[in-house]
Amino acid sequence: MQSFGRLSYLYIVKAIRHLLLLSFLACATALYADHTFAVIISGGRSKLFNHERYWNDCAFLYRTLRQTYGIPKEHITLLMADGNNPADDQLTDGATGLASSPTDLDGDGEADLALAATRQNIDDTFRQLATRLGANDHLFLFITDHGECDQQGNVHLWLWGNEALGPRELAAMVGQCHPATMNILMGQCHSGAFTESLQGEGRIITTACAAGQMSWACKERPYDEFVYHWICAIAQHDETGQAVIADADGDGCVNMQEAYDYALRHDCRPETPSLDALPADIATQWSFTGMRNSISPPRAPTPTYDVPFIYDLQGRMIRKK
């Protein structure tokens, strides 16, 4: 009975510490969310190339940014295929038919998508962000869908209406903004060819494949392989809600190095992802909860006693010890 009582006491202490950690992280996340902006781009090219999995990538990420990290809706710009046009613009799962892309990405009954993924809209988006982003703000850019390399070796990504956008053009558009940091994730084929043009101080660039490679879809689900696992890492669960463990150092945050490492370990397709960061340690500092050098959440306590269960940050039991 005495040992059971001690175990119960230590378990209560651990639970209290865990709740305090959750409270601190919630406050830090809310503060950081007000200084985080995101741009999500899925060009689509045309309705015969715009696979449903690209919408799924964007929707899973959008839900994560909104629901897990509390980034305000007005801080997220979606540029996807033909935007809110009701015409068919998407190949349904298995390319068996055509449909119009849903405009509600998070299932709350309200439209989230308005802008088509055209060169003009993308340029306008970054031009407007340039007037909104300050020295304490952070920008996240996600691009999925198609990339191509022509016979002359020039790489571009496809936008809606068969418009093409090359690395230097994208870099010029992005370069209009001067946030404190910029975090870029690219999932399209030949995405590695964009890294050199986009490099810069305070930037993290993660790509699904090398410059000369194709990127691949998942075999077992309608998502893209690398970016799907990357989103699972930052969400800390998969698309079904099953918990995943990507927080390798146990500090309560999934930084960009941890997200990359998790996605790399789970990527089963013939592609070579990459992570480029300047300075190099910014990838371990940057998370959607906050920059480690500006908002430093305490490390999760490591129990020195036996407990029957281990919990994730949402308080859900994830496995027996």
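R45 counts as buried, at 18% relative accessibility; buried means under 20% relative accessible area, exposed over 50%, and partly exposed in between (1.4 Å probe, protein chains only). The model is predicted: local features need pLDDT of at least 70, side-chain atom pairs count only at pLDDT 80 or more, and totals for chains, interfaces and linings use all residues. Residues are numbered from 1 along each chain as its sequence is written, and side-chain values use heavy atoms, with hydrogens and water left out.

R45 forms a salt bridge with E148, the closest N and O atoms being 3.7 Å apart. A salt bridge is a side-chain nitrogen of Lys or Arg within 4 Å of a carboxyl oxygen of Asp or Glu. E148 lies in strand β6 (residues 147-149) and R45 in the loop between β1 and α2, so the pair ties together parts 103 residues apart in sequence. Helices (H or I, at least four residues) and strands (E, at least two) are DSSP runs, numbered from the N terminus. E148 is partly exposed, with a relative accessible area of 30%.

The whole structure holds 8 salt bridges. One of them joins D224 to R53, with closest N and O atoms 3.0 Å apart. This pair links distant parts of the chain: D224 sits in the loop between β10 (203-207) and α6 (225-235), R53 in helix α2, 171 residues apart. D224 is buried, at 5% relative accessibility. R53 is partly exposed, at 21%.

E110 and K73 also meet through their side chains in a salt bridge (3.7 Å, N to O). E110 is in the loop between β4 (98-99) and α3, and K73 in the loop between α2 and β2, 37 residues apart. Both count as partly exposed, E110 at 47% and K73 at 27%. A network of salt bridges links K73, E110 and D112.

Helix α3 covers residues 119-132. Its 14 residues should span 20 Å at 1.5 Å a residue, and the end C-alpha atoms are 20 Å apart, which agrees. The expected span is 1.5 Å times one less than the number of residues. I122, D123, T125, F126 and L129 are the buried residues of α3. Down the helix axis they fall within an arc of 155°, so they line one face of α3; the arc is that of the directions from the axis to the C-beta atoms. The buried residues of α3 pack against β1 (36-42), β2 (76-80), β5 (138-144) and α4 (167-174), contact meaning heavy atoms within 4.5 Å. On the other side of α3, Q128 and T131 are exposed.
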